[in-house]
Amino acid sequence: MPALRRSDWYDLARDLNWNLSYVTEDEAFPEVMSNNYGITPNEKWWGWDEPYKVSYREYVHNQHGKDASVYSVNSVIARSRMFEELDPGWKSAIVAHYGAIAVPEYLAGLGESRMGRFGRAAAWRNMALFGTLDETRHGQIQTYFPYTLLDKEPRMDWAHKALHTNEWGAIAARHLFDDMFTANDAVSTAIQLTFTFETGFTNLQFLGMAADAMEVGDLDFGALISSIQTDESRHAQQGEPTVKILVENGYADVAQRLVDHMFWRSWHVFALLTGLSMDYYTPLEHRSHSFKEFMQEWIVKQFLDQFRDFGLEPSWYWESHFLPELDWYHHALHLGVWFWRPTVWWNPDAGVSPAEREWLEEKYPGWNDTFGVYWDTIGDNLRRGEETKTLPETFPMVCNMCQIPVVTPAGFRAGKLESPEPQIHIHEGRQYVFCSEPCKWVFQLNPARFAGHTSVVDRFLGGEIQPPTIPGALEWMGLSPEEMGQDATNYAWAFEGFEAPGAAAS
Amino acid sequence: MALFPIQGIYQDDFVVLLVPIDTEDPMTVVAEKIAHHAAGVRVPPASGELRIKYQGELLDPEATVVDAGVPPLGVLQAVAE
């Protein structure tokens, strides 16, 4: 047993701050690595204090225990038939999850290590070291686990592959995460990654996903996500002290802008991944709440509390754009992902059987009139044996900020937008297309940061995709025929209440 | 004659599409080319004559994108009259 309690020595050992004499503050903390937003001298940052403290010795002990536990679960379950017996929609959700998240977790280690070197207080750098180790672990474990399932689902290798391809969803994830942490300075990373994305979204999402995994019987994924979540909740706390320093020094507007920027971007990718999983891929009998209910009860409530606690305001787009999108945006994305299913590495589950449609109508009154009608036409085509009519012959336009297809016509049809047309913006002679006013606003905050990027459609029109056809694009995205997404239930949903699947093909 | 990309929106569809047309296509053909990707695919075919709306105005059915001054990736809506 240590002779001293942690509280007797922790602050003294942790706060190794000192005044620089051999180099200037700017040389030690270049703005590109650590934007102080005008808060100088650096001593003003030394009051940074994390609420939950841990020593290195405790950290290693805890992490060793977590790894021993979760890898044991994986080892046992790998020898069982558990995965084969999971619902097809749930399998799709985790194949999508691993591809979108495993490598970004590893990349988050870059953001954490940048804070570990360029954080402006020793306490912060100390906490970011743990964060670096956390994210390295998360990258490794979320690559290892899917790889143990390769013999059952070969596309589990997209856990490593996805972020190294030009697949459109991978580009969307890369664009977001590069902005958030891979290519962000330490101060902005603390607010945009740890405060906005982790505290605001993923920490709560992982709690929900772990519960859902256990509910559907996926003990492997449940144990994995629970283990990761405990790390997230610790290193995510780097955001709060950083926001406090900005606010205390009169820079609440900076904190507000950083949060507003990244909340919107996180929301769109969150809707794409989590919205589809919760409302369409999770088996109906295991859904405890709708995506909208989850957003309202967890994400929205927590953000409003945070805004109030830190003297910030709800984002300018909160009432006008964000809350209305809860009713329609992810439904449109789901329809698009399903229709363009060859372009994703998982099998989208339509999730619109009669019972599921009843649930959707109950959770989203009016869903049948706004979204059910599309599925009616698609279902008719499938029942007539015209599968080709349910597959794409061209591309959707893609937003030049979130890199997600532009579904403004769905928002217009749902009565939430005044026009079906996208936002158009000309910058230095180039036309940019945005799916929403907030995406355009994020671009306008810092055009130099975003202007050089080209969307999938820009690259297609620029001749980078050859041949310039759907098959050419699929190959460019790294998708072989065996990897392309197919309907998760082989269209069973379209025939429920009609006739047996396959009859239409005769 | 030259291939010309536009952003097409078919009435009541949910997504903005990249639609390749020809610079010589009259708007009646442009409307058909937009409809091809959505009518009877995701939404029932609209009843009535299809017209093209650009920047809030209905274009002459015989006009081409050149006549109407539509730039590459201009947003054209196919709507039923």
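**Group meeting: the A–B interface, pockets and cavities**

Chain A and chain B bury about 2300 Å² between them, with 64% of that on carbon and sulfur atoms; buried area here is the accessible area, taken with a 1.4 Å probe, that two parts lose on being put together, summed over both. This is a predicted model, in which local features need pLDDT of at least 70 and side-chain atom pairs count only at pLDDT 80 or more, while totals for chains, interfaces and linings use all residues. Residues are numbered from 1 along each chain as its sequence is written, chains are lettered from A and ligands numbered from 1 in the order in which they are written, and side-chain values use heavy atoms, with hydrogens and water left out.

I will stay with the interface for a moment. The contact, meaning heavy atoms within 4.5 Å, takes 31 residues from chain A and 22 residues from chain B. How many salt bridges are there between chain A and chain B? The count is zero, where a salt bridge is a side-chain nitrogen of Lys or Arg within 4 Å of a carboxyl oxygen of Asp or Glu. Polar contacts are there, however: 13 residue pairs across the interface, both residues at pLDDT 80 or more. A polar contact is a pair of N or O atoms within 3.5 Å; within protein, one must be able to donate a hydrogen and the other to accept it, and residues adjacent in sequence count only if both atoms are side-chain atoms.

On the side of chain A that touches chain B, at least two residues each come from helix 14 (329-339), helix 16 (367-383), helix 17 (408-413), strand 2 (430-434) and helix 20 (456-461) of chain A. Helices (H or I, at least four residues) and strands (E, at least two) are DSSP runs, numbered from the N terminus. Helix 16 of chain A gives the most, with five residues. By class, this side of chain A has 21 nonpolar, six polar and four charged residues; Ala, Val, Leu, Ile, Met, Phe, Trp, Tyr, Cys and Pro count as nonpolar, Asp, Glu, Lys and Arg as charged, and the others, Gly among them, as polar.

Next, the pockets and cavities. On a 1 Å grid over the protein atoms alone, a cavity is a set of points where a 1.4 Å probe fits but cannot get out, and a pocket is an open set with protein on both sides within 12 Å along at least five of seven lines; lining residues have an atom within 4 Å of a point. Grid points are joined across faces, edges and corners, and a volume is the space filled by probe spheres set on the points.

The largest pocket has about 410 Å³. Its lining has 20 residues, and nearest the centre are Tyr37(A), Asn184(A), Ser188(A), Asn446(A) and Arg449(A). Helix 11 of chain A gives the most to this lining, three residues. The lining divides into eight nonpolar, six polar and six charged residues.

Tyr37(A) comes up again for its backbone: phi is near 50°, a positive value in a residue other than glycine. Tyr37(A) sits in the loop between helix 2 and helix 3 of chain A. Pro41(A) lies in that loop between helix 2 (25-28) and helix 3 (56-77), and the peptide bond from Thr40(A) to Pro41(A) is cis, with omega near -5°. Most residues other than glycine have a negative phi, and most peptide bonds are trans.

The second largest pocket holds about 320 Å³. Of its 17 lining residues, the closest to the centre are Phe460(A), Pro468(A), Leu3(B), Leu18(B) and Pro20(B). Strand 1 of chain B gives the largest share, three residues.

Finally, there are seven cavities of 30 Å³ or more. The largest cavity has a volume of about 330 Å³ and 28 lining residues, including Phe177(A) and Leu273(A). Its lining has 18 nonpolar, six polar and four charged residues.
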